Amino acid sequence: MIGASMFRLALKMLFGDTAKYLMLVFGVMFATFLMTQQSSVFCGLMRWTTAILKNAPAPIWVVETEVRQVNQTIAMRDTDLGRVRSVSGVDWAMPLYSGVQNVRLENGSLTVVQLLGIDSTTFAGAPTRMIEGSIEALRQPNAVVVDDLALKRLSPNPAVPLKMGSTFEINDQEARIVGICHAMRSFTGGPFIWTTYERALSYSPPQRKMLSAILVSPAAGKSVDEVAATIEAETGLKAYVNTGFKSSPRDFNTATIFWYVKNTGIPISFGTTVLVGLIVGIAISCQTFYLFVLDNLKHYGALKAMGATNGKLCLMLLTQVSVVGMIGYGIGLGFASLFGLAAIKNTQPPFFMPDIIPIGVLGVIIFICLLASLLGILRVSLLDAAVVFRG
Amino acid sequence: MNATPAIAARARSITKSFGDGNSRIQVLHGVDLDAYESEILMLLGPSGCGKTTLISILAGTLTPDSGEVNVFGEDLHLMKKSAITRFRAKQIGFIFQQFNLIPTITCEENVCVPLLIQGYSLSKALPFARKSLEQVGLGEHMKKRSNQLSGGQQQRVAIARALVHNPRLIICDEPTAALDAENGKMVMELFRDLMRQPGRCAIVVTHDHRILPYSDRIATMNDGRILESVPTSQFDFDHHR
């Protein structure tokens with residue numbers, strides 16, 4: 001077995017060649033940063049596609065049969081609400097209006113917002129984190145609750161954000177801020193505005209059918225999946241559950257994200273960048289480490305002549321490449337995390353780093369390191385110890 | 001009456017060739033050679049005559065095509081590669097033409113390497129390395145990196161490294177080839193002093209006629225054969241000049 005001192009020797013050989021050592025660390029760091037950052041931005045973007053589900057929380061969302069993702073609105077008849085309420089196992093069912101509307105700012109310019117109309121009695125679908133005001137104030141005339149992003153976005157001068165009591169126009173009708181809340185950013189980038197269901201209909205251009213979704217809670221003792229299945233069976237409508245990504249086959253978050261993955265070029269775009277990170281990482285790391293091994297070949301040959309076994313030399317190479325890999329990975333992950341912190345503070349670009357990303361990237365880095373060391377190991381294993389006598 | 005010294009390394013009927021088919025080159029043609037304990041044997045011969053191949057075989061870093069190699073009673077030609085590697089680590093010290101010191105570590109760490117290979121910890125190896133460096137007169141340079149030393153000093157570090165684990169056979173490849181005359185002389189004087197220990201044998205490959213007087217016996221090679229192997233006192237220096 002290789003002793004700790006041989007590990008030290010391997011590391012001194014590595015650190016002593018500063019240029020190649022830094023190049024190796026840079027290669028791994030670059031690959032780690034690019035793969036982690038791009039994957040996290042992709043996950044953040046995908047998470048934003050389900051923002052409505054987070055901002056208007058309800059255990060079950062009932063929508064028109066053809067709806068495949070939460071940002072797709074196909075209006076239902078008002079009578080569907082009654083049909084859902086009559087399904088056994090439903091504790092309550094409330095209407096929801098969801099649509100993108102224009103807001104006219106004081107300076108005359110227009111901006112789009114995500115308008116949510118919720119039931120004025122139960123406030124099912126109301127924001128969960130109020131900063132100022134209360135949701136009950138929505139019962140006042142022309143009242144709206146806005147997210148913190150709206151304060152800047154709907155102000156004619158972003159340096160002077162709107163505040164409680166400020167007014168603006170939605171489709172030429174006055175709206176007055178009676179509450180401010182935290183909300184997840186929407187995929188379209190517009191702020192969220194809550195109002196009552198009836199007022200939301202009045203803010204929106206009239207159509208024959210206006211009911212976007214029905215928010216449902218199962219009765220005590222009933223599971224969401226069970227109640228959703230019953231609703232589908234009895235009404236013919238589509239019932240999704242809102243329990244979190246991949247938690248259930250009928251989860252709306254999962255359906256929404258997979259719809260974007262399948263029907264947009266977003267995964268290809270981000271996937272290409274991640275692939276570039278991987279290729280650059282492999283190219284820089286493998287090439288540089290192989291050059292490092294070639295530069296030190298006479299030393300490995302001398303060690304071999306002096307009695308070092310192939311196993312010892314291979315472990316020395318693995319030590320060198322592992323240390324480079326872990327340092328590069330750590331720095332790369334650190335930079336990606338700093339980017340993430342800045343993104344979260346700034347609320348954009350989207351950034352979400354589930355555990356699987358650093359773990360997966362670590363796996364890729366280990367693969368890169370093994371690939372890089374493999375070339376060196378092959379070279380050193382095949383090295384004839386007698387080479388040291390050949391000048 | 002003088003007792004015959006024990007044989008340290010013996011090669012019998014060694015053949016070695018490289019390449020295949022038409023490009024096959026026979027480098028050694030049935031070489032016989034004896035090296036005795038407590039002597040410095042110098043192998044002399046023109047480039048390409050097979051000197052390096054022969055010492056590689058004697059050191060166990062190269063396998064002969066045929067023939068027998070015995071070093072201190074061990075039949076290398078019958079041993080497995082792993083056993084030869086272990087034998088080399090314990091019993092053989094190497095001095096290379098280009099020193100082959102690792103430039104990114106200190107001299108004392110370089111000298112420790114043969115002990116580290118044997119499994120010593122650095123802390124246990126360092127006292128031996130320091131003693132060895134003291135013996136070659138580099139006690140004050142042990143913390144320096146090898147590339148901070150002159151060529152002569154580097155070769156002295158290499159000698160210290162070759163001797164630190166107290167091997168019985170020293171294989172030395174052109175030890176003065178990279179040194180000027182003055183440094184070459186200094187290194188060989190030191191080398192001769194350190195080699196004269198009971199039971200130790202040094203085999204030195206050289207082109208450098210100036211260092212021949214430091215040997216006890218000289219074997220001359222040409223075209224893959226040993227031409228003669230005589231005590232240095234009987235060597236015809238004028239003929240080989």
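This is a predicted model: local features need pLDDT of at least 70, side-chain atom pairs count only at pLDDT 80 or more; totals for chains, interfaces and linings use all residues.
A residue is counted as buried if 20 or more other C-beta atoms lie within 10 Å of its own. By this criterion, 46% of the 391 residues of chain A are buried.

Chain A contains 12 helices and 10 strands. Its radius of gyration is 29 Å, whereas the globule rule gives 21 Å for 391 residues; chain A is therefore more spread out than a compact globule. Along the principal axes, the C-alpha atoms of chain A fill a box of roughly 95 × 50 × 30 Å.

The largest nonpolar core comprises 195 residues. Its members that touch the most other members come from both chains. In chain A they are A:I60, A:V62 and A:V216; in chain B they are B:L43, B:L58, B:I171 and B:I203. Helix α2 of chain A, residues 18-48, gives the most to this core, with 15 residues. Two domains of chain A take part, each with at least three residues: domain 1 (4-47 + 266-389) and domain 2 (51-244). In soluble globular proteins, nonpolar side chains tend to be buried together.

The surroundings of A:I60 were examined beyond its neighbours within four places in sequence.

In chain B, helix α6 covers residues 181-195. At 1.5 Å a residue, its 15 residues should span 21 Å; the end C-alpha atoms are 21 Å apart, which agrees. Buried positions in α6(B) are B:G184, B:V187, B:M188, B:F191 and B:M195. Seen down the helix axis, the buried residues of α6(B) fall within an arc of 100 degrees, so they line one face. An α-helix has 3.6 residues a turn, so residues three or four places apart point the same way. On the other side of α6(B), B:E182, B:E189 and B:D193 are exposed. The buried residues of α6(B) are covered by elements of chain B that include β3 (39-44), α5 (151-163), β7 (169-173) and β8 (201-206).

Between the chains, 25 residues of chain A are in contact with 26 residues of chain B. On the chain A side, α1 (4-16) and α10 (297-305) each supply at least two residues. The largest share of that side comes from α1(A), with eight residues.

Methods:
Residues are numbered from 1 along each chain as its sequence is written. Chains are lettered from A and ligands numbered from 1 in the order in which they are written. Helices (H or I, at least four residues) and strands (E, at least two) are DSSP runs, numbered from the N terminus. The radius of gyration is taken over C-alpha atoms; the globule rule is 2.2 Å times the number of residues to the power 0.38. A residue is buried if 20 or more other C-beta atoms lie within 10 Å of its own, exposed if 12 or fewer, and partly exposed in between; C-beta atoms are placed from the backbone. A nonpolar core is a set of buried Ala, Val, Leu, Ile, Met, Phe, Trp, Tyr and Cys residues joined through C-beta atoms within 7 Å. Domain bounds come from an automatic or database domain assignment. Two residues are in contact if their C-beta atoms, placed from the backbone, lie within 7 Å. The expected span of a helix is 1.5 Å times one less than its number of residues. The arc is that of the directions from the helix axis to the C-beta atoms.
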